[in-house]
Amino acid sequence: MSERRLADLLAMWRIRAFEEKVRDLRAEGPIVGSVHLCIGQEAVPTGACDALEPHDALFATYRGHGWALARGVPAQPLFAELMGRASGVNGGRGGSAYFTAAEHGFHGENSIVGAGAPIACGAALAGRFDGSGRAAVSVFGDGAMNQGAVHEAMNFAAAFSLPVVFVCENNRYSELTPIADMVRTPRLAGRAAAYGIPGHRVDGNDAEAVRFHMRDALEVAREGGGPTLLECVTERLAGHYIGDAETYRQPGELERIRRGEPIARLREGLLADGVPAADIDAVERRARAEMDSAAAAALDAPFADPETAREHLYA
């Protein structure tokens, strides 16, 4: 059991170290443009992606770096993509919010809130006809639960029993507004009942809990039972975007979140189980060293050539 949890810790530290390196590179200049970090939310992609098969299709939001890493996208070309380098996963064309890596089952981010949900339905429907047995996963935030496209996607997937898992990362803020101020009941998983599908509220700071519910949802989907909604409750330690002043935070809020965030919680659990602190600390060092090396290699790569901008526009 400790080996599984140490593997989860490494996966989460890889995401945390990547995001913190991105934050630093954004401040220093090599990364430009709008960037949304998932610091504090690492347990959701770690647990969810561990349950996926290689042929499954994952659709993330613009806060998708962690999901890409958890899906198996290598860190070096991911860093390069964010820096606009030719060695990026999309040749430097996608940047932070629009990259894709279909060869890893990561079918891209989307900066239109909730827009990945209907696309995931298309991937699931295609899987029904091409014989692949593909399941699709759509990831979105709590604010996207109020988008019409998400409602339509859930209803469509339910009506046709499509193999889709809808994952709501409820980090309590819809951009800068508390979700509790936007809905009558903040328990978003309850909305699944309106579509006649299962809905579960999951501890999004526990990778094992996310893994358990994702595996169960995927089993239902693959057996023809249709979609499931998973509301993974978590909290972000960073702003909505880099540069967010976070003036909406309550006094002492970040200190409270840090005590229960997934890496801190798992560390305490491992110590309680008798895992030596040195072994736990070595996991962080390994992840940080990997990300430092990957970022350095990406910085050495050439920039994307503007002359190639018209490539890949037409099939």
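A residue counts as buried when its relative accessible area is under 20%, as exposed when that area is over 50%, and as partly exposed in between. Leu 52 has 11% relative accessibility, so it counts as buried. The model behind this value is predicted.

Start with Leu 52, then. This residue sits in a loop, the one that runs between α2 (43–50) and β1 (57–59). What does Leu 52 touch, once its neighbours within four places in sequence are left aside? Its contacts are Arg 71, Val 137 and Leu 218. For a sense of distance, take Asn 155. Leu 52 and Asn 155 are 103 residues apart in sequence, and their C-alpha atoms are 23 Å apart in space.

Now step back to the whole chain. The protein contains 11 helices and 7 strands. Its C-alpha trace spans about 55 × 50 × 40 Å along the principal axes. Does the radius of gyration agree or disagree with that of a compact globule? For 315 residues, such a globule would have a radius of gyration near 20 Å; the protein has 19 Å, so the two agree. Buried residues account for 51% of the 315. The exposed surface comes to about 13900 Å², and carbon and sulfur atoms supply 53% of that area. Contacts reach across the sequence as well. Take those between residues at least 6 apart in sequence: 73% of them join residues at least 24 apart.

Which residues does Val 202 contact, leaving aside its neighbours within four places in sequence? The list is Ala 209, Val 210, His 213, Leu 230, Glu 231, Cys 232 and Val 233. Ala 102 lies elsewhere: it is 100 residues from Val 202 along the chain, with 28 Å between the C-alpha atoms.

Next, the backbone. Ser 161 is not a glycine, yet its phi is positive, at about 50°. The residue belongs to the loop between α7 (148–159) and β3 (164–170). Its relative accessibility is 28%, so Ser 161 counts as partly exposed. Arg 172 also has a positive phi without being a glycine, with a value near 75°. The loop here is the one between β3 and β4. Arg 172 has a relative accessible area of 29%, which means that it is partly exposed.

That leaves the empty space. Rolling a probe the size of a water molecule over the atoms shows where such space is left. The largest pocket holds about 320 Å³. Its lining is made up of 27 residues. Which of them lie nearest the centre? They are Tyr 62, Val 113, Phe 140, Gly 141 and Asp 142. The largest share comes from β2, with 4 residues. By class, the lining has 11 nonpolar, 11 polar and 5 charged residues.

Conventions: Residues numbered from 1 in each chain as written. Predicted model: local features only at pLDDT ≥ 70, side-chain atom pairs only at ≥ 80, totals over all residues. Heavy atoms only, no water. 1 Å grid on protein atoms, 1.4 Å probe; cavity = no way out; pocket = protein on both sides within 12 Å on 5 of 7 lines; lining within 4 Å. Points joined across faces, edges and corners; volume = space filled by probe spheres on them. Helix = DSSP H or I, 4+ residues; strand = E, 2+ residues; numbered from the N terminus. Nonpolar A, V, L, I, M, F, W, Y, C, P; charged D, E, K, R; others polar. Rg over C-alpha atoms; globule rule 2.2 N^0.38 Å. Buried < 20%, exposed > 50% of the residue type's maximum accessible area, 1.4 Å probe, protein only. Contact = heavy atoms within 4.5 Å. Areas by Shrake-Rupley, 256 points an atom, 1.4 Å probe, with all protein chains shown as cover.
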